[in-house]
Amino acid sequence: MKMKFCKRVCVTLMAFSLAFSGGFSMQAEAKPPVSICNEQEWEVLKIANKERAGMGLAPLSVTAALQTSNEVRAKEIFNYYSHTRPDGSSCFTALQGISYNTAGENIAAGYTTPKEVMTGWMNSPGHKANILNGRYTHMGVGYYYNGSGQYGHYWTQMFIGSCSPTSIAVENGQKAKTYKCGTSVESMDRVLKIKCQHGTGYVPLTTKMCSKFNHSTTGAKKIKVNYMGKSTSFKINLTGIDIKKAKVTNVKNKKYNGKAQTQKPKVTLNGKTLKKGRDYTVSYKNNKKKGKATMVITGKGKYSGSIKKQFKITKK
């Protein structure tokens with residue numbers, strides 16, 4: 001039987017920058033690149049950081065300790081939907097062992113996808129204020145599904161601040177990974193590891209955190225990353241569309257006249273005529289004497305690979 005779920009939001013604000021909010025619940029689909037989050041939780045972090053980037057705020061990082069606290073809270077609000085814990089204590093007692101000077105919590109129930117719950121939170125002033133609070137530096141996300149519950153899906157966000165990183169590094173950043181031309185930083189699913197007083201934090205890498213680089217040309221790239229006053233870099237290789245699949249026409253045999261013989265090939269790929277100099281270059285072997293000569297067409301820009309074509313040079 002298909003179960004219909006309701007949605008629920010609540011917002012509570014307290015002094016000392018301790019904000020509490022309740023929202024709605026959701027889900028994601030891509031496998032996360034870090035083991036401390038499931039796919040729903042990682043997606044919520046990505047969307048929250050996108051909202052912060054739009055306001056010029058630094059992205060939030062997630063830590064293992066914060067994730068543990070949120071996993072506890074997500075299960076608790078299934079039984080008792082409140083910023084007060086089932087034992088009557090504040091939600092912030094779930095942060096036991098974690099140091100902070102300001103903290104906040106958002107909760108939500110009923111939303112089935114990360115996009116939906118983030119939309120619900122961002123449409124609520126109290127929840128939005130937590131997500132866009134510039135004093136926060138870390139955020140954990142909890143997601144708990146229980147089909148027997150009233151709302152089905154239960155979500156939490158717990159925020160803490162503030163601290164500064166002591167070092168940053170892109171995970172496996174010195175080992176060049178290969179991507180196709182045009183791949184965005186977001187689509188690479190790279191992770192920035194942060195060391196601070198709270199241990200190791202993880203941030204989904206975004207274009208805004210990286211120096212500009214040409215996505216449309218092939219070859220090795222070194223990309224600089226800036227985060228909260230620290231910088232690092234990572235290496236990638238961009239490969240283009242394989243030019244080997246192109247059709248090469250207008251290759252003719254030549255008469256030997258004592259000069260190097262060249263061609264004016266027509267190169268087409270997927271119905272598009274490629275342009276010499278922009279999409280490919282042409283080089284030759286043995287084209288200065290009688291016999292068999294070789295023309296080599298090498299991809300350029302967003303094209304990679306090469307094609308060899310032979311032609312005859314005969315007596316004049």
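This is a predicted model: local features need pLDDT of at least 70, side-chain atom pairs count only at pLDDT 80 or more; totals for chains, interfaces and linings use all residues.
Residues are numbered from 1 along each chain as its sequence is written, and side-chain values use heavy atoms, with hydrogens and water left out.

**Strands and sheet**

- Strand β12 covers residues 230–239, and four bridges join β8 to it, the two running parallel. Strands here are DSSP runs of E with at least two residues, and helices are runs of H or I with at least four, numbered from the N terminus.
- β8, β12 and β11 form, in the order β8-β12-β11, an open sheet of three strands with mixed pairing; two strands pair if DSSP finds at least two bridges between them.
- At the edges of this sheet are β8 (177–180) and β11, each pairing on one side only.
- On average, neighbouring strands of the sheet are turned by 45° against each other, direction ignored (axes are lines fitted to C-alpha atoms).
- Elsewhere, β5 (residues 138–145) is joined by eight bridges to β6 (residues 153–161), and these two run antiparallel. Within that pair, G140 has M158 in β6 as its bridge partner.
- Strand β5 is largely enclosed by the rest of the structure, because six of its eight residues are buried (under 20% relative accessible area, 1.4 Å probe, protein chains only).

**The largest pocket**

- The largest pocket has a volume of about 460 Å³. A pocket is an open set of points on a 1 Å grid, with protein on both sides within 12 Å along at least five of seven lines, and a volume is the space filled by probe spheres set on the points.
- There are 23 lining residues, and the closest to the pocket centre are K46, N49, K50, E186 and T206; a lining residue has an atom within 4 Å of a point.
- α1 (39–54) and β11 (219–227) are the elements that give two or more residues to this lining, and α1 gives the most, with seven.
- By class, the pocket lining has eleven nonpolar, five polar and seven charged residues (Ala, Val, Leu, Ile, Met, Phe, Trp, Tyr, Cys and Pro are nonpolar; Asp, Glu, Lys and Arg are charged; the others, Gly among them, are polar).

**Cavities**

- The structure holds two cavities of 30 Å³ or more, a cavity being a set of points where a 1.4 Å probe fits but cannot get out.
- The second largest cavity has a volume of about 30 Å³, and among its lining residues are H138, C163, C196 and Y227.
- Its lining has six nonpolar, four polar and no charged residues.

How values were computed. Axes are lines fitted to C-alpha atoms, for helices over the stretch in contact, and angles run from 0 to 180 degrees between N-to-C directions. Buried means under 20% relative accessible area, exposed over 50%, partly exposed in between (1.4 Å probe, protein chains only).
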